Amino acid sequence: MPICFDLDGTLGHFSSGFVLLREALGTLWGGTPTREELGRCTGSTDWEIVDELHRMRFGHPLEEAAYAAYEAACVARFRGAFIPGGQQAVAHAGVLEGMHRLAATQPVWLVSGNAPGLLAFKAEALGIDPAIPRLGSLPHHDRTSLLRLARRDCPGPHLYVGDRPHDLAAATAAGMPFLGVGEAVPGDHPVLATDAAAEQVIELAHRTAS
Ligand SMILES: [Mg+2]
């Protein structure tokens with residue numbers, strides 16, 4: 001049973017993330033994408049978003065080498081900002097504990113829109129067990145295809161735990177039930193508060209997975 005967790009907004013948050021993304025691209029592209037340009041992006045993964053911004057600026061698709069350069073620059077920005085005495089990640093402690101306890105008895109994956117190097121940094125910052133597999137934003141994949149990769153060769157029941165409408169849409173497209181965290185996803189799916197206790201996470205995950 002893969003129970004898949006989104007990261008940002010689900011397990012915690014890194015409040016200035018999109019500022020750092022724009023700054024990282026600014027160092028590489030000779031100009032920082034504007035908030036308005038970022039707001040026009042429709043994708044939910046780094047590959048999709050950076051590809052959309054690249055098309056707006058240069059008129060042609062992102063190449064994998066340019067995505068790797070973005071990933072390295074963005075990780076460097078995060079490493080510089082999230083340091084002792086600097087910005088701090090906010091952890092959803094009960095959701096994190098629930099995820100770890102679930103992982104003790106069944107397959108659990110991180111499936112996130114962050115580029116893989118950035119996901120590795122954020123997972124470490126939130127204290128996530130390195131034994132939990134991380135699946136970040138790969139070239140030419142959207143969130144739905146990442147979920148399909150995570151569940152490949154793994155018998156059900158399945159579940160995606162996320163905090164945004166794009167998480168629900170991806171879970172639905174991948175044929176997985178959805179468990180929301182926070183109040184940002186309208187619908188009739190079950191929802192956990194961001195400060196839910198680990199026991200609630202485990203109980204709702206078991207009840208919702210199929
Ligand atoms: Mg999220």
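Predicted model: local features only at pLDDT ≥ 70, side-chain atom pairs only at ≥ 80, totals over all residues.

Reader: What radius of gyration does the protein have, and what would a compact globule have?

Author: The protein has 17 Å. A compact globule of 210 residues would come near 17 Å, so the two agree. Along the principal axes, the C-alpha atoms fill a box of roughly 50 × 40 × 30 Å.

Reader: How many of the residues count as buried, in percent?

Author: 40% of the 210 residues. As for contacts between residues at least 6 apart in sequence, 63% of them join residues at least 24 apart.

Reader: Sheet next. What is the strand order?

Author: β5-β4-β1-β6-β7-β8, an open sheet of 6 strands with parallel pairing.

Reader: Which strands stand at the edges?

Author: β5 and β8 (191-192). Each has a single partner strand, so one side of each lacks a neighbour in the sheet.

Reader: And over how many bridges do β1 and β4 pair?

Author: Over 3 bridges, in the parallel sense. Take Phe-5: its bridge partner in β4 is Leu-110.

Reader: Switching to helices. Which residues of α7 are buried?

Author: In α7 (residues 143-151), they are Arg-143, Leu-146, Leu-147, Ala-150 and Arg-151. Seen down the helix axis, these buried residues fall within an arc of 130°, so they line one face of α7.

Reader: Which residues have the most contacts inside the largest nonpolar core?

Author: Cys-4, Cys-74, Leu-147, Leu-159, Tyr-160 and Val-161. That core has 52 residues. Helix α4 (residues 64-81) gives the largest share, 5 residues. Domain 1 and domain 2 each supply at least three residues to this core.

Reader: Pick Val-161. What is it in contact with, beyond its neighbours within four places in sequence?

Author: Val-161 is in contact with Ile-3, Cys-4, Phe-5, Asp-6, Thr-10, Leu-179, Val-181 and Ala-205.

Reader: You mentioned domains. Where are the bounds?

Author: The domain assignment gives domain 1 as 3-14 + 89-208 and domain 2 as 17-81. Their centres, taken over C-alpha atoms, are 23 Å apart.

Reader: How many residues of each are in contact with the other?

Author: 15 residues of domain 1 are in contact with 15 residues of domain 2. Helix α6 (residues 116-125) gives the most on the domain 1 side, with 3 residues.

Reader: Now backbone angles. What is phi of His-140?

Author: Near 70°, a positive value in a residue other than glycine. For context, most residues other than glycine have a negative phi.

Reader: Where does His-140 lie, and is it buried or exposed?

Author: His-140 lies in the loop between β5 and α7. His-140 counts as exposed because it has 12 C-beta neighbours inside 10 Å, and the cut-off for exposed is 12 or fewer.

Reader: What about Asp-153, what is its phi?

Author: Near 65°, again positive in a residue other than glycine. Asp-153 follows α7, in the loop between α7 and β6.

Reader: Asp-153: buried or exposed?

Author: Exposed, with 6 other C-beta atoms within 10 Å.

Key: Residues numbered from 1 in each chain as written. Rg over C-alpha atoms; globule rule 2.2 N^0.38 Å. Buried ≥ 20, exposed ≤ 12 C-beta atoms within 10 Å, placed from the backbone. Contact = placed C-beta atoms within 7 Å. Helix = DSSP H or I, 4+ residues; strand = E, 2+ residues; numbered from the N terminus. Arc of directions from axis to C-beta. Core = buried A, V, L, I, M, F, W, Y, C linked by C-beta atoms within 7 Å. Domains from an automatic or database assignment. Pairing = 2+ DSSP bridges.
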